[in-house]
Each structure stands twice: as C-alpha cells, then as structure tokens.
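Let us go through this structure together, one feature at a time. Have the sequence and the 3D view ready.

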Amino acid sequence: MKHRINVTVNGAAQEAEVDSRLLLVHFIREQLRLTGTHIGCDTSHCGVCTVLLDGQPVKSCTVLAVQADGCKVSTVEGLETGGKLHPIQEAFTEKHALQCGYCTPGMLMTCSALLERNKSPSEQEIRQAISGNLCRCTGYLNIVKAVEYAAHKMAGGVS
Amino acid sequence: MIPAPFDYHRPGTLDEAIGLLSRHGPDAKVLAGGMSLLPALKLRLGTCGHLVDIGRIPGLEYVKEDAGTLRIGAGTRQCVLAQSETVNSRYGVLADAVPLIADPLVRNRGTFGGNVANGDPANDGPAIVIALGAELVVRGRQGERTVAANRFYKDLFVTALAPDEILTEIRIPLPPPRSGSAYRKLKRKTGDYAAAAAAVQVTLDARGAVQRACIALTNAGPTPVEAVQAARFLEGKAPDEKNIAEAARLAASAAAPSADRRGSVEYKREMARVLTARALKAALERAGGN
Amino acid sequence: MTAPRTDAKICGMGHSMKRKEDPRFIRGKGNYVDDVKLPGMLYMDIVRSPYAHAKIKKIDTSKALKIPGVLAVIDGPTLEKYKLHWMPTISADTQMVLPTDEVMYQAQEVCAVIATERYIAADGADAVEVDYEPLPVTVDPLKSIAPGAPVLRKDKKDKKDNLAFHWEAGDKADTERALAAADVVAEQYVYVPRIHVASMETCGCVADFNPAEGKLTVYMTTQAPHAVRTVFALVAGHVGLSEERIRIISPDIGGGFGGKVPVYPGYVIAVAASVVIGKPVKWIEDRMENLQADSFARDYHMKVRLGARKDGTMTALSIKTIADHGYTNASANPMKYPAGLFSICTGSYDLKHAFCEVDAVYTHKPPGGVAYRCSFRVTEAVHAIERVVDVLAQKLKMDPAELRMKNFIAPERFPYKSVLGWEYDSGNYPAALKKAMDIAGYDALRKEQAEKRKKGELMGIGICSFTEIVGAGPSKDFDILGIKMFDSAEIRVHPTGKAIARFGTKSQGQGHETTYAQIVAEELGIPASDVQVEEGDTDTAPYGLGTYASRSTPTSGAAASLAARKIRNKAKAIAAHLLECAEADLDWVPGKFFIKGVPDKAKTIQECAFAAYTNMPQGMEPGLEATHYYDPPNLTFPFGSYICVVDLDRGTGEVKVRRFVAVDDCGNIINPMIVDGQIHGGLAQGVGPALYEEISYDEDGNISGGSFLDYYVPTALECPKWETDKTITPSPHHPFGAKGVGESATVGAPPAIANAVVDALSHLGVTHVDIPVTPEKVWQLLKAKGVAE
C-alpha cells in the first residue's frame, strides 16, 4: 500500500510516495539520501537513529514514514545553518565527545533538543537525557562535558 | 528489522477507527505511540495486516482534573505526563514511575494509554492504574463503557478490549486526604523492563492507621498482580515496620514471576517483597505529610 | 607531564589537538559501509538456523523465489561447486561459509537471499522454508572435553575428541613443586563469561565485482583490510580472484574493538554473489545477527592457584584454563599464540615460578574468542591474577594494596624478563598504585568502610594493578596465517610543504587522522593540520596488519616517525645545498634547519620540500618521500592501577559504582585528549562486562543475550564520572617511547569492580564472585550470609 506524504526535512518541503511499512529512518537514509542518521539495532534500544520529529528527539527506526506526514523532521545535516555549526557540534569537537562517530548524529540531535528546553542542565539531567543513546567509544563523560560547554556558550559565556 | 507488509490507515475520528477495527477484526491493530507495536512488527512477531493509526485523532491527549477525578486521555504521551504539574504533585506513583518507563526518546512517542492497554505485564502502566483504582474508558462499535483496571487484564497480552474497542481515557479517582502513592522499580539498566516493581497507594485514617491500601506488582505473572491479601492485611493497622514487612511478604507470595535474565523466580519474588516494602514506606510518608 | 617540544601551530606530540576527522562526523557526513550506494546494487539477507545443531534436510526456496525482486538464493551446495563452502579461519582451522549438511550453532548462516531491495531481501529470507532435523547439542565445554563425549567436528577425518588445541607456557613440574612448598595457596575458579563487543555499527560489506575489468572491490567493515585482501586471494584464487585485482576499502568504521577483524561468512557469500551475478551486492547484518553469530569474546573457565610465603611474598602461579571456542577455532590470534598473550598472567608481580595451560574446546556455539578490546586474552589473564591476588590478600588478612606493593616488579628491574618469557620494556607499578591511592583517598575510604560496617552498610574498595602487553609484534614470534605483524607508514611531502601519510593500520575511532599527523609534525615540523592521513584502501595504503590489540601506535606510529626521519635526513641534505654549507654545520628545531650559531641562516622544511622538486642538489633523486615497514623489536607494556568504590544495596543486591579512579601509563603520549577518551571508553567497556553484559546458552544451545533486549550495554546512567590520571614511563625501544593504550581500561576495570564487590562482603567471609556481578548474584551471597534486607 503506498501513501503520498509531505514532510518538512531540515526546513525543506519534501513530497514522496512511500510504502506503509517504510521506516522513517530508511526514508531519510535511502529516499532522501541523508545518511547522517544511522541504524544500530533492531529492538529500538540504541538511539543512533535519533532525529527530531516536531522538535522532539525520537528513534526514527520506530516511526513509520507515513506517521511523519505533515511533520517537521530535523536530522544532523540540518543542525548547521548558513554554514555555521550549531554550538553543540562545536562543543563535541572541543570536548572530544566523539570517536568513531556512529552514535554522534543521534547524540547531537538529543543534546540539541535538551539545550532547547533546558538552558543549563546539570550533569545528572544530561545523563538522563542521553540515556536512550548508546555509545561504545566515549564512556559518556566527554559528551556530558560537551553539553555543559555548549550550554555555557549559548548563554553567552566565554571559554 | 524490516516489518512484513501491512496496510496503514489514518482515520480522522474515533468512529472511523472503530469502523476499521470492526471490519478487519484481529488482523488489525491500533497504532498509538508505536513503541511496543512497531518493535514487535519489526521482529515479525505475530501477523498484522492492518495498522490503524489513532495518533492524529483529536481529543485523546489531555490531563485534567474535574469533579474528583484525574482524567488522562489515552493518547497522552508519556513525556507530557512526566511533566504534568498536576500529576507530579498529587500522584506519587505516576511521578515515580513515568520517568522510569523505557528511555526519554521512547517516552517522547509512547502513550500512557498504549502502555496501559497493551496487556503486557512488563509495562509499568497496568500495576499503576490498578494501584490507583482507575477506571478505563473504552469505546467500540457498541458505544462506550468503563472497565475497572483490576478487571481489565485477562492473560498475557489479552485484555478486556474487544477487537473493535479502543481505550480512550484513564480515570483516576482523586485520592482522599491523607493519601500517598509510590512506585519502586528494579531493573537491570536504564531502558530495561522491571525485574520487579511495586505500585502502591495508601490512605490513612484520622488516627494515622491505614484506612485503605492497594498494591499491584509489575512483571510478576502473565497479568499485573493485585496483592489483595496484602492490602486487606494493612487495613486498620498501624503503618509500622512490622506491618509493612508482613504486607510486603504477603504481596510477594501473590507474585508468580518467570525466570529470565533479570533473575530467578526466587529472586524476583523476594524483590517483589523488598520493593513493596520500599514503596509502602514511601507512600506512607507521603500520606502522612498530607 | 613534560611540555610539548613543538608550538601550537605545528602541534606535534603532547598537544591535545582537536581531531581532524571530526568535521565530517559532526555534520553526519561520515562514510560508513551502509552509506555506500552503487548503481545496480542488490541486497543480501541471510537465513539463519534456529537450532544449535541440526541436519539440514531440505531448503525450500520456492516461495522466496516467487516474490518479485528476489533474484536468487545461495546455499551451501551452490558454493560447494566453487569449493567456497568452507574457508580457513585466521587460526588455521576451518569454518563453514554455508553448510551442506549440518549446522553447528544457533544463528549459523544457512542460505542467503539476493534481492533488488533491502525490504524484499528481508521478505525473501522470511519466505525460505528450511526443514531441520535437530541433533544433540553440546554446550558445556567441560562435558565436551570429557572422555567419550560425542565428536563435534565430524568434518575432520581423524578427530576423536573436541579439543581444538592444547597450549601451555612455563615449567609445570617446577611450579607444582613451588606451590607444594608454599606456606599458603590461594585457589579460585574464575569464569569470565562470553560477551560481545556490540560496536554501534554492525558488520557488513558491499561486494562489487566488475566483470569487464575482472576486478573485485569490497567496501567492508574491517580492521585489517590488507590481511583480508590476501586471505581472499589465497582462498578464492581458484575462482579467478587475483590479489592485484582485489581492492578492499575500509571506509569510516563505527567501532571495531576486535569484532571487525574476522572474515565472516556473510562477506564471502556477498563476494560470491557479486562475482556470479556481476552486480554490487550489499550485506548489512542487523543487531541480533551481530550478537548471535559474530565473533564473541572471553568464555574462559580458569582454575587459578597462587602460592605465597606467610609474609605475603608471592612465589608461584598456576592457571589451568578450559577455553570455549564454539564450533571452530576462528579466534584472531597470532599463530604461535593460540591462547593469545595469556602468559602475561604473572601480571605486575615478580613471580619466580609459573605455569599456564589452555585447552580449547569445541561446542555448538558461534566461533570467535578475542573480539572485545582484550589485547589477545589479556583481559582474561589479568582478571585471573588480579582476582586471585585479592583472594590471597583475604587469606593472609593483608590489605590488598599492601600485598600488591610488596610483590610488584621493582622499577629498577626493567627491562624485566618474566618467568613465562616476556621481556617487559619498562614500568613503575608502585608509582601508579600510589597515585591512584592518593587520588582515591584510600586511607579515608578504609576508615569510611569500617564505620559503615558497624552500621551494616556495605561498601567496597577494589584495586586492580594490571600490566598490559600490546603492539604485536616482532617478526621472530608473531604472524597471522604466516604474514608477519609489522606495520607501515608511507609519507610524501608535496612541493608546497604539505604532506600525505598513509598507513597499514585502520582506525575505527581511535583518532589516527590526528595522532599520526601529530607524529609527522613532531618529526618534520610540518603543522599537523597540513598532514593528510589516509588508511583503509588496499589499493593505496602500504601493507599492514591493521588496528586491534592496541598495536597501531607501537607499530605504525613507530613507522611514521622513522619514515619521517628518513625524510628529514634527505631534507637536511637539501637544506645544506640551499644554504651552501655542510650537513654537519646544520642544527634542527622543529620545522627548520639552521647553521649552527647563525639562527637566521635557516631553511624551513617547506622551503626544503619545494626545493626537492625545483632545486635539488646535483645527483639527488627528486621528490621528498619515504616509506617504512616497522618490525617492532618487542611488544610494549602499558600498565596502570585502578581503584573502584562500590556501595551495595542490601535489599536488591544492586551494585552502585560510586567512584572509579584510573591511573594509566602508556609511555609518552601523542595526544592527551585522545588518550583520555580511549580510557573513558575502555572503562565503560569494562563496567559493561563487570556488571551487565553476558551471553549464555541453555542446554539446547538457545542464546540468552542475543539482542539489546537482554544484552545490557551500559548507558550514561550506568557509567560513573571517571577520575583519570597518568604516570609516564616511556618505552625504551619505541622510537618515541609510546606504548599504546586502547585496551588498557577494558583490561583493568572488571577486576577492580569484582574486587570491590568482594571487598564489600569480605568481612562476612565472601571470597569470590564471577562477573557480571548481577544484583541477584550479590543478593544470593547476602542471603547466604544472613544479611539480606
């Protein structure tokens, strides 16, 4: 069964025809060729597929593309605006919050959403917020530091 | 991780949704948040020819208190429930439990109604609604009816819902004064289901004795377990260590967990006891503070 | 730590340079195997056995082939036509690619569906009907090795038992005598269970055979692309695949940790499919396939005995190990060391008598053994010695820190020849332990513990003082399938003074694009930001054995500095030519040659580079480049001391890691920020096995822990805030004194945590607990001692 959907992806309107069962993550990766969003498991645990759906971080492997009809989807490719990196992206490099980079896009989306709703999260709040995003490389500490750094920068602080 | 083919429907009204469910019978499943259904479909567990997405039907997402009842629309996302001032200030069991359901990403999509209506005793919702003495409002082809939460769960993944019925609202009676509720959950890690968990609501009388209690256990059998004997034992008794311990022991004896990665039957039963005791202590403290 | 010799612009060793690879990853522009899309590409999905041991009676592909878009189903008999149904393993055993007769583990590959789309391939795999006849299953290695046990490997004609190999090191008789003469012997069975590395990216490939050119290109999640190329040429040479026409491209890899070293059947089937069909074939395994069929790690059953004098001097160590290898020996170990570097088990201690033996056993489980950041079985060896040292300390009623200090190999004894034959290059174990104790506040912690015990609260302090052994390895003793374990660097400096450097290793997140550039910057004074680093394409990179077992810095890192020194020597001749002086008159500061005593008579490395193409001395070969293949003279021996503080919940048995202090020594450090990152990650992959991760099987060979539903990977909430520090004891034989660090923390963390839990209960008489230390295990101990809530 095919459905016509309209999704705004990283600010750009996309119209597409999709199968009922097409997962949002495959729509993003294969039809839109935005391969920054990754796939890491088959039981909705790992979070590497995290995108923002109407501003909320969700696991795009557990959303059907048809469910995103009429919604705004933000992926890692959309974090950068006008050639300028989002503070969280800069912070990840500054604080060495990535190694292999595979969990990074999903982690960035979750962290960007966190900073949107909480301007000054505590360490515990950061760990809570990223507890749906698995990472095998970093041991999480530098990711926490990156979010703290970005929050500080976004509040107008100097490093 | 690819689901088998199915047809997808997005009805605009509840009646349309009910119509679709009636037409397709057991081959149709309700899609709300999708956080239980979609993972199952991706693993090709069971068949489903038709998905009926109720996620856009207006009027299913709300948290409001009126006339002595907390009414939660079944489509209310768990993250919304977690942030509700109303819920967090008066319903300790929900305030404790919702932030422990799965992980924050899942809670952005998962609905409280889905968690309650799934019929999965591993979900936290069932024990909670039983402990709170909730009434579940369902609507089907024959119209609307209510089912008491402690009569809603029949067997593993089998509830009182007929194939054409949809859960629309969870009605929780406003707890009387000197009431408190709590949830204590043991899990192997963040995101895991409960190895054991206890949902408890207590009400104290004017003397400070327990007037009424309700205890329900998560993942302690094919359906949520209401520890009736334990609750009756507490009635009229002083909320002291000895009575809490005995109530917890009785609650554990009602548990019939299965052995798995999270523990042996013996361990899970003992944890039901430990967590019931802890939940009772917390609920009693909250009740005393009222 | 000494200050860097170069300034921030050149950014050589010692600078915490921000990573050069980050820009693409933070933008989601990484290029992982599943991102590769080629014209006409097909998709492959594998049908797997639900049984651990069964005869395949029939494979019915009729329904699958009826699905529009399903092109073919490849099975064992198909591959048998090309003699590709079996292949050699890295350990010189044999492994099925696809079975023709019996399956030997649950989730084993049975056949593969090729389709035009990913979703159709999944439908095709679901539609294949296989008729199995279940057969008896052997999952207990102790039963498998018992006399009279049914023989698993019926494919091996003369095999009468299930022993894959027996390996030993040391003097058995001498050690037994020493143990018999000891005042006290601590004896402990230690089981380190099967776990899975579960990198966030699973394994996969895109096999692209171009029939017009007869060339095979495979994009593959591999940590060792050259080794794979050579193995393919040797294994499939008879079907026309010749090494110069095989190209393995290992692009960005989402974590390896050893899990992407083996050649999995999926790769071979995809290659065969592409060769036969003449189109690219993509195979990406899903997570359950990854956990259930890919190379596991650990699964060592060890009987450990440690003898000592009553004053605490350790005298003798004996370890007898039964190693569960699954149905074939496919562990990626150097040939002479089928049990890896297990004989490091004497650890940081000056033991005069030692013996270890390993019996590797076949069972109906997936093959593997070393794929989880273990440095070739060092995790197992260190777990054994560090656990038994604590058992001994408890027996002697000695403080575990004191017992370790008493027995450490003293700093002045290095290079130290261990009784099991390793020459430890350098070490200062007392300094590392003392530093860890100071940071942790050890004495205060012991006081706190005593106070808490009076109140019935359970708090534990666990120590692990490990010695690692990495950098495989010297050609005298190390090879994989005959290929020696050197590694390489090829550096070319361009006319405008920038450089490109290619290596035989392959980063999967370790930051080589940055660290290798920093090494070149250190040696040549070319800014690290001007050095382009490449790895992973066998058409362009110099031959190497890849990245695993923490070997890159010790091997390719060394090659980089030696290749750069060759370039610097040539540049010196050019500088002398430009400055019209003798080479002997020249001095060097990073980036510049100058005439001794006349600093402004200088030529920069960039000026020398330009001259190498435009104004070389008469008779000199133009260009400015060098290659070096480095055969390490020895392994390197990073070390450290970790201290873990835990609090136990007396009601549930939950273990809360309150603090984790890690003091590491990896010699001279290229990039402190990256080293810390490696340690943090290693610690998290230590906490996982210590408390959460485990793969087990029931008696029918059904797996538990085969998906993320019950394979518990720690989240940010399960990991404490790591407290890390360093000591620096350079390696005397490495060109810049570095040792490697990637796996130290995974080696050192689990024993520290296990020791902490036992320490929390030692006053009750508890002496041991096996990892993972689940809440139930703790609770059973509490119950047995009558202190459960």
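**Reading sheets and interfaces**

Q: How many strands form the open sheet of chain C, and in what order?
A: In general, two strands pair if DSSP finds at least two bridges between them; strands (E, at least two residues) and helices (H or I, at least four) are DSSP runs, numbered from the N terminus. Here 3 strands make up an open sheet of chain C, ordered S6-S2-S8, with antiparallel pairing. At its edges are strand S6 (102–103) and strand S8 (129–134) of chain C, each of which pairs on one side only. Strand S2 (residues 54–60) of chain C meets S6(C) over 2 bridges in the antiparallel sense, and C:Lys55 has C:Glu102 as its bridge partner in S6(C).

Q: Before we go on, what should I know about the model and its numbering?
A: This is a predicted model: local features need pLDDT of at least 70 and side-chain atom pairs count only at pLDDT 80 or more, while totals for chains, interfaces and linings use all residues. Residues are numbered from 1 along each chain as its sequence is written, chains are lettered from A and ligands numbered from 1 in the order in which they are written, and side-chain values use heavy atoms, with hydrogens and water left out.

Q: What is the strand order of the open sheet in chain B?
A: The order is S4-S5-S10-S6-S7 in chain B, an open sheet of 5 strands with antiparallel pairing. Strand S4 (63–66) and strand S7 (143–148) of chain B are the edge strands, each pairing on one side only. On average, neighbouring strands of this sheet are turned by 25° against each other, direction ignored. For such angles, axes are lines fitted to C-alpha atoms, for helices over the stretch in contact, and angles run from 0 to 180 degrees between N-to-C directions.

Q: Which helix packs on this sheet?
A: Contact means heavy atoms within 4.5 Å. Helix H1 (residues 14–24) of chain B packs on the sheet and touches strand S6 (135–140) and S10 of chain B; the direction of this helix makes about 120° with that of S10(B).

Q: Which strands pair with S10 of chain B, and over how many bridges?
A: Strand S5 (residues 69–73) of chain B pairs with strand S10 (residues 166–173) of chain B in the antiparallel sense over 5 bridges; there, B:Ile72 has B:Ile170 as its bridge partner. S6(B) also runs antiparallel to S10(B), joined by 5 bridges, and B:Val137 stands opposite B:Glu169 in S10(B).

Q: How many residues lie between the strands of a hairpin, for example S6(B) and S7(B)?
A: The hairpin of S6(B) and S7(B) has 2 residues between its strands. These strands pair in the antiparallel sense over 6 bridges, with B:Ala148 in S7(B) as the bridge partner of B:Glu135. In their hairpin, with 2 residues between the strands, A:Asp54 takes a positive phi near 50°.

Q: How large is the area buried between chain A and chain C?
A: The size of an interface is often given as the accessible area lost when the parts come together. Buried area is the accessible area (1.4 Å probe) that two parts lose on being put together, summed over both. Between chain A and chain C about 4500 Å² is buried, of which carbon and sulfur atoms give 56%. In this contact, 51 residues of chain A meet 56 residues of chain C.

Q: How many salt bridges are there between chain A and chain C?
A: A salt bridge is a side-chain nitrogen of Lys or Arg within 4 Å of a carboxyl oxygen of Asp or Glu. The count between chain A and chain C is 8. One of them links A:Arg29 with C:Asp35, whose closest N and O atoms are 2.8 Å apart. A:Glu123 forms another salt bridge, with C:Lys721, at 3.3 Å between the closest N and O atoms. A:Glu123 lies in helix H4 of chain A and C:Lys721 in the loop between strand S35 (703–704) and strand S36 (722–726) of chain C, so the pair joins two chains.

Q: What about the area and the salt bridges between chain C and chain B?
A: About 2400 Å² is buried between chain C and chain B, with 51% from carbon and sulfur atoms. The contact takes 32 residues from chain C and 24 residues from chain B. There are 5 salt bridges between these two chains, including C:Asp649 with B:Arg278, whose closest N and O atoms are 2.7 Å apart.
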